Amino acid sequence: MFEKLFFGKLTLDAIPFHSPIIMGAGLFMVLVFLGIVFLITTYGKWSYLWHEWISSVDHKKIGIMYLLLSIVMLLRGFSDVVLMRSQQAIAAGTHLGYLPPEHYDQIFSAHGVIMIFFVAMPMMFALLNIAVPLQIGARDVAYPYLNSVSFWLTFVGAMLCNASLVIGDFAAAGWLAYPPLSELYYSPGVGVDYFIWSLQIAGVGTLLAGINFIATIIKMRCKGMALMRMPIFIWSALCAMILVALAFPVLTVTLALLFLDRTFGMHFFTDFAGGNVMMYINLIWVWGHPEVYILILPAFGVFSEVVATFSQKTLFGYTTMVWAIAIITFLSFIVWLHHFFTMGAGADVNTFFGIATMVIAIPTGVKVFNWLFTMYQGRIILATPMLWVVAFFTTFAIGGMTGVMMAVPPVDFQVHNSLFLVAHFHNVIIGGVLFGYFAGVIYWFPKAFGFRLDEKWGKWSFAFWVLGFYVAFMPLYVLGLNGFMRRVNHYSNLTYQPYLIVAAIGAGLIMFGIFLQIGQLIVSFKKSSCFA
């Protein structure tokens, strides 16, 4: 009775002994966990960890834990990239590659979930925890205990996602789990259920954190800091957290409805039983597109801080920057349908959302020109954070221009669900979000740890990251324009293979850049007084 209550339907059959790749990855994770437990026990650090970190409500320590979680999950999510790119590089013609289709489907689904929910989001909250209270002159966030709860909910969601990649099968329906693939008929296993609950748990943590930071910024600013005197990063954080408070309840409800479909046969999204698949897709993107701006707005705030500091000038156009961020916050809720122009909404609806998508590019362009004008005639210092900003200008501009192209419905009909789309959103998410957060982590690292990161290692990691990015994703634009669909694990047309080999080489360069970032952390810690 106890076993059934504790384990439910979980049996030894859920462990994929037949798959050496999954078992190898699972064994590696178990060995790493046991190694960490052994080291903590050997050095007698359990009490220290509990009192100083696990139960801490200090905003800096919570920010550091968010950062550590995002780094670990970046390594985990990038391992999926290595598997996917190497599979596509060799799986041409009669060669089927080494990943079976059902495993490949799990990998690309897990990659999207991990990178958005458990890499980008924790890295954003790491920067918010480290910088927001300091910039507004507050001792801590408004609700320190709630801040700790938010982190641990995110952590538990991430661990559940990781466990489900080994025990049972993860969802194989894509990172947003569209019905009917995610319905019980097509996904009868536990994978989609793991997906739902890992995102529900982490999503509640994100929502609580968003409310916490709104309260912190509105009520805990130091005396004399009026709204139009707040740093741009605080404005970007406030607008992003407003989006969190408005958008994440939609995600919670959407996943709850999918859970009811799967568990109680409610059929909200099953067409043959009176439901509507398009309702799910509308709801998930009502959350999903604001989510893009939840991630990018704090990165815009980081760029504003970094450009002003390393140009040794006051930020150009403060008021226009604030209004641009506010306009983006509003417009982000009326562009979601451009994600499914091809699904029969009609010309009138497509036209409205296409125009709205083009309009939202205008305030984004305003901010880019503000940063460029800040740099104009400035005494620019090309420190590592500033290098990430410079890389952002070109990379994000390409992503933005291809996004405007896809905002034209006839163009979207040609490239929808192709590798062109994959290249576009990686241009935006990596070139905008990740580059911005890397700049922010390096820029505010001394505020959290008391010493600076090594510049030499940082510049080498930057070089490999940016070079690898262009080598990895520019060929995907060509492939997408030639009709190569995404989520393909094997193809018969051998003319595609050279492009995918180049893309795999680019992924290898990025991997080397990540290793250099880890080396940068190790070298910097050794040079610091922590190890003196």
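Axes are lines fitted to C-alpha atoms, for helices over the stretch in contact, and angles run from 0 to 180 degrees between N-to-C directions. I took helices as DSSP runs (H or I, at least four residues), numbered from the N terminus.

**Entry 1: basis.** I worked with a predicted model, where local features need pLDDT of at least 70, side-chain atom pairs count only at pLDDT 80 or more, and totals for chains, interfaces and linings use all residues. Residues are numbered from 1 along each chain as its sequence is written, and side-chain values use heavy atoms, with hydrogens and water left out.

**Entry 2: α5 and α7.** I looked up helix α5 (residues 101–136) and helix α7 (residues 191–219), which pack at an angle of about 15° with their axes 11 Å apart. The two are therefore roughly parallel to each other (angles under 35 degrees count as such). I noted that the contact of α5 with α7 has 14 nonpolar, five polar and no charged residues; Ala, Val, Leu, Ile, Met, Phe, Trp, Tyr, Cys and Pro count as nonpolar, Asp, Glu, Lys and Arg as charged, and the others, Gly among them, as polar.

**Entry 3: Asn129.** I found Asn129 in helix α5. Asn129 is buried, at 0% relative accessibility (buried means under 20% relative accessible area, exposed over 50%, partly exposed in between, with a 1.4 Å probe and protein chains only). Leaving aside neighbours within four places in sequence, Asn129 is in contact (heavy atoms within 4.5 Å) with residues including His59, Tyr66, Asn147 and Phe213.

**Entry 4: cysteines.** I recorded zero disulfides (a disulfide is a pair of cysteine sulfur atoms within 2.5 Å). The sulfur of Cys222 lies 19 Å from the closest cysteine sulfur, in Cys239, too far for a bond. Cys222 is partly exposed at 33% relative accessibility, whereas Cys161 is buried at 0%.

Notes
Parallel < 35°, antiparallel > 145°, perpendicular 65-115°, else oblique.
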